[in-house]
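Take a look at it, and then read on.

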Amino acid sequence: MSSLQTPLHRVQGLGASHSGTGHFWRQRVTAVALVPLGLWFAYVVLGLAGTTEVAAVSFLAHPWNALLMAAFVVTLLYHLTLGLQVVIDDYVHTPGAKIVLLLLVRFAVIATGSICLFALIRIASL
Amino acid sequence: MAAPHPTGPQKPASLQRPLSPHLTIYRWAPTMIVSIAHRITGVALGAGALVLAWWLVAISNGPEGYQSFYATVATPLGLIVLFGFTWSLCFHMLNGIRHLAWDLGYGFGKSVAGQSAVLVIALSLILSAAAFAFVWTGHAGYLS
């Protein structure tokens, strides 16, 4: 069957959503990254459970650990934004409420990420 | 009779087509439970990200900040919530791997999908219980 799309529309490959498979793909890329990062996070949380803040500070002040924790936080929050967008897209059907919620999610995620990264910098300089 | 589509124009009864039955009609299956649980644990872990931020800020706030965080988490309610986050993380990661296998084309069969759903539920409960047992038997804190 011949395509009903114009040649321009087909070559853009963005489909009816106007965003193509970008969201789907970013969700998978962050998911794959979160498997090793999440396992490392579990190792850290168990390793620091029941210790004093001295142990936590000296561990997270180490550059590699600070970098891995920053990577975990940023990847986690990116994956969370994509996931919450799907939930909002599925359940919120009024355009106004949808835009407000999507904005709130993005503001909250950037605020949370900024707080985490600032805390990590502060720990490294303690 | 099926109701007209809520957003569509009103049509005469003779033109109203039947709608497919909604979720409440079906008997619950493991695949359905795991599917909605993946979404619920994902949203719950969003709240977990706030606790992660609180933890990092507490560490950066010196001994008093860290102690107040641990004192809050060590309450019975705190531990129940912490177990919820622990299980959510185990479940969401295991079922996420199940989803990634699907993306690669593996495990789509009806019986395989049902078995992997039960496996994900069982493994997530075992892993999160093991994590708590690990701490309670004094094996944690190895990074000090």
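A:L102 touches A:Q85 and A:I88, leaving aside residues up to four places away in sequence; touching, or being in contact, means that the C-beta atoms, placed from the backbone, lie within 7 Å. This is a predicted model, in which local features need pLDDT of at least 70 and side-chain atom pairs count only at pLDDT 80 or more, while totals for chains, interfaces and linings use all residues. Residues are numbered from 1 along each chain as its sequence is written, and chains are lettered from A and ligands numbered from 1 in the order in which they are written.

**Two residues to start with**

- A:L102 is found in helix α5 of chain A; helices (H or I, at least four residues) and strands (E, at least two) are DSSP runs, numbered from the N terminus.
- A:L102 has 16 other C-beta atoms within 10 Å, so A:L102 is partly exposed.
- For such labels, a residue is buried if 20 or more other C-beta atoms lie within 10 Å of its own, exposed if 12 or fewer, and partly exposed in between, with C-beta atoms placed from the backbone.
- A:L84 sits 18 residues from A:L102 along the chain, and their C-alpha atoms are separated by 8.2 Å.
- A:D89 lies in helix α4 of chain A, and A:D89 counts as partly exposed because it has 14 C-beta neighbours inside 10 Å.
- Between A:D89 and A:A70, which are 19 residues apart along the chain, the C-alpha separation is 28 Å.

**How helices pack**

- Two packed helices are described by the angle between their axes and the distance between the axes.
- In chain A, helix α4 (residues 63-91) and helix α5 (residues 95-124) pack at about 170 degrees, with their axes 10 Å apart.
- That angle is why α4(A) is roughly antiparallel to α5(A); angles under 35 degrees count as roughly parallel, over 145 as roughly antiparallel, 65 to 115 as roughly perpendicular and the rest as oblique.
- Axes here are lines fitted to C-alpha atoms, for helices over the stretch in contact, and angles run from 0 to 180 degrees between N-to-C directions.
- The residues making this contact include A:L77, A:L84, A:Q85 and A:I88 of α4(A), and A:L102, A:C116 and A:L120 of α5(A).
- By class, the contact of α4(A) with α5(A) has 17 nonpolar, 4 polar and 2 charged residues; Ala, Val, Leu, Ile, Met, Phe, Trp, Tyr, Cys and Pro count as nonpolar, Asp, Glu, Lys and Arg as charged, and the others, Gly among them, as polar.
- In chain B, the axes of α1(B) and α2(B) cross at roughly 145 degrees and come within 6 Å.
- B:W54, B:W55, B:A58 and B:I59 of α1(B) meet B:G65, B:Y66 and B:F69 of α2(B) there.
- The contact of α1(B) with α2(B) has 6 nonpolar, 1 polar and no charged residues.

**Where the chains meet**

- Chain A contributes 31 residues and chain B 29 residues to the contact between them.
- On the chain B side, α1 (30-60), α2 (62-73), α3 (76-103) and α4 (110-136) each supply at least two residues.
- α1(B) gives the most to that side, with 12 residues.
- The chain B side divides into 20 nonpolar, 7 polar and 2 charged residues.

**The nonpolar core**

- The largest nonpolar core has 33 residues, and A:L76, A:C116, A:L120, B:A49, B:L56 and B:I59 have the most contacts inside it.
- A nonpolar core is a set of buried Ala, Val, Leu, Ile, Met, Phe, Trp, Tyr and Cys residues joined through C-beta atoms within 7 Å.
- α1(B) gives the most to this core, with 8 residues.
- B:L56 touches A:C116, A:A119 and A:L120, not counting residues up to four places away in sequence.

**Each chain as a whole**

- Chain A has 5 helices and 0 strands, while chain B has 4 helices and 0 strands.
- The C-alpha trace of chain A spans about 65 × 30 × 25 Å along its principal axes, and for chain B the box is roughly 75 × 35 × 30 Å.
- Buried residues make up 18% of the 126 residues in chain A and 22% of the 144 residues in chain B.

Methods:
Contact = placed C-beta atoms within 7 Å.
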